[in-house]
Amino acid sequence: MSDFEKTGSISLTRYLIEEQRADRISADLRLLIEVVARACKSISVSVGKGALGGVLGDAGSGNIQGEAQKKLDVIANDVLLEANAWGGHLAACASEEMDHCQPIPDVYPRGNYLLLFDPLDGSSNIDVNVSVGTIFSVLRCPEGVTHPEDAHFLQAGTTQVAAGYCIYGPSTMLVLSIGHGTHAFTLDREMGSFVLTQRSMTVPAATKEFAINMSNQRHWEAPMQDYVRDLLAGETGPRGKNFNMRWIASMVADVHRILTRGGIFIYPWDKKDPTKVGKLRLMYEANPMSYLIEQAGGAATNGRTRILDLAPTELHQRVPVFLGSREEVAKATEYHLAHDAKAKTAA
Ligand code: P6P
């Protein structure tokens, strides 16, 4: 029985007011999350129109990542910027689609939070009608900083005060944590409000399902090769059980599955471009997703170190990602640490 069936209709607004009354969030943070949720509803409408909305295909521009932008990448980014410009709860925004952070203009009311987002993650799936999503992370603006710059965003993932994503799938769902568990809200399109449908999502500790892009296998480092080889060996191999694989190539969709039924999501370092330590971005993909996963009892590392402990050095820096069922993340991390220890001894 879902929480909705058990508790009736608890809207996102009511949930956030109850959290504020319990002194678990400030009024400003509550209102910021409401603004982001409203922006996600607007993005959901645009995504849902598909070909009928004239929003599919490339925008004809590129972003700092060197990726071609989809029309919806730009639309989603603009929706989030506009919604937050006058929201009054932010000092600045940073986005995968913008080279540098964007302080809230002086003419608008400002708050004490920094918002980072990937406005439309997985957008390469848009044109083939596969689930995509918006990922966001909220940090405190350092005391006394009135015009934040990129450097002020460079805070470890443990300092996040809120994180979440909105997945635009068969249903639109907002998955959110403000540091007291991870909770899911489903958009009631008729009422236009997000309704609590799963309180305290919990990632099973163990799993038999892994998510990885296997086409990169030949480019992985040795411990990654060994780990996946043992997964594929199944019940007759070292792991003693058979595994299944899923790869949607939309992080929000893969992570939502893992939050719902367990699994491990991996985007490791590969030597295709040795200058890149990974594909996914730390500040607005790995950190918020790791926060949600840990709040749901899971784990997240870069293969060696807890992701949320990493000290950022650049706004758009990348990181290898291993996240999900904590026993499986520990196992994959163990392969890497054992490899490093052996290499150190041999040196
Ligand atoms: P690949 C989408 O572009 C994304 O950033 C994540 O959402 C997804 O997990 C990954 O890249 C997919 O990468 O190399 O399999 O296309």
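Which strands does helix H7 (residues 251-261) lie across? In this predicted model, H7 lies across S11, strand S13 (264-267) and strand S15 (321-324). Its direction runs at about 35° to S15. H9 also packs on the sheet. H9 touches S13, S14 and S15, and its direction makes about 155° with that of S15.

Now the sheet itself. The sheet is open and has 5 strands, in the order S12-S11-S13-S15-S14. The pairing is mixed. Strand S12 (244-245) and strand S14 (299-301) stand at the edges. Each has a single partner strand, so one side of each is left without a neighbour in the sheet.

Next, the helix pair. The axes of helix H6 (residues 222-233) and helix H9 (residues 326-346) come within 8 Å. They cross at roughly 135°. That makes H6 oblique to H9. The crossing of H6 past H9 is right-handed. H6 contributes Ala 222, Pro 223, Met 224, Asp 226, Tyr 227, Asp 230 and Leu 231 to the contact. H9 contributes Glu 328, Lys 331, Ala 332, Tyr 335, His 336 and His 339. By type, the residues of this contact divide into 7 nonpolar, 2 polar and 4 charged.

Finally, the annotation. An unreviewed UniProt entry lists residues 203-336 as "domain: Fructose-1-6-bisphosphatase class 1 C-terminal". In the model, that span is 36% helix and 12% strand. Its end C-alpha atoms lie 23 Å apart.

Notes: Residues numbered from 1 in each chain as written. Predicted model: local features only at pLDDT ≥ 70, side-chain atom pairs only at ≥ 80, totals over all residues. Heavy atoms only, no water. Axes fitted to C-alpha atoms, helices over the stretch in contact; angles between N-to-C directions. Helix = DSSP H or I, 4+ residues; strand = E, 2+ residues; numbered from the N terminus. Parallel < 35°, antiparallel > 145°, perpendicular 65-115°, else oblique. Left-handed = near helix turned anticlockwise from the far one by under 90°. Contact = heavy atoms within 4.5 Å. Nonpolar A, V, L, I, M, F, W, Y, C, P; charged D, E, K, R; others polar. UniProt positions renumbered as here; feature names shortened; annotations may be inferred. Pairing = 2+ DSSP bridges.
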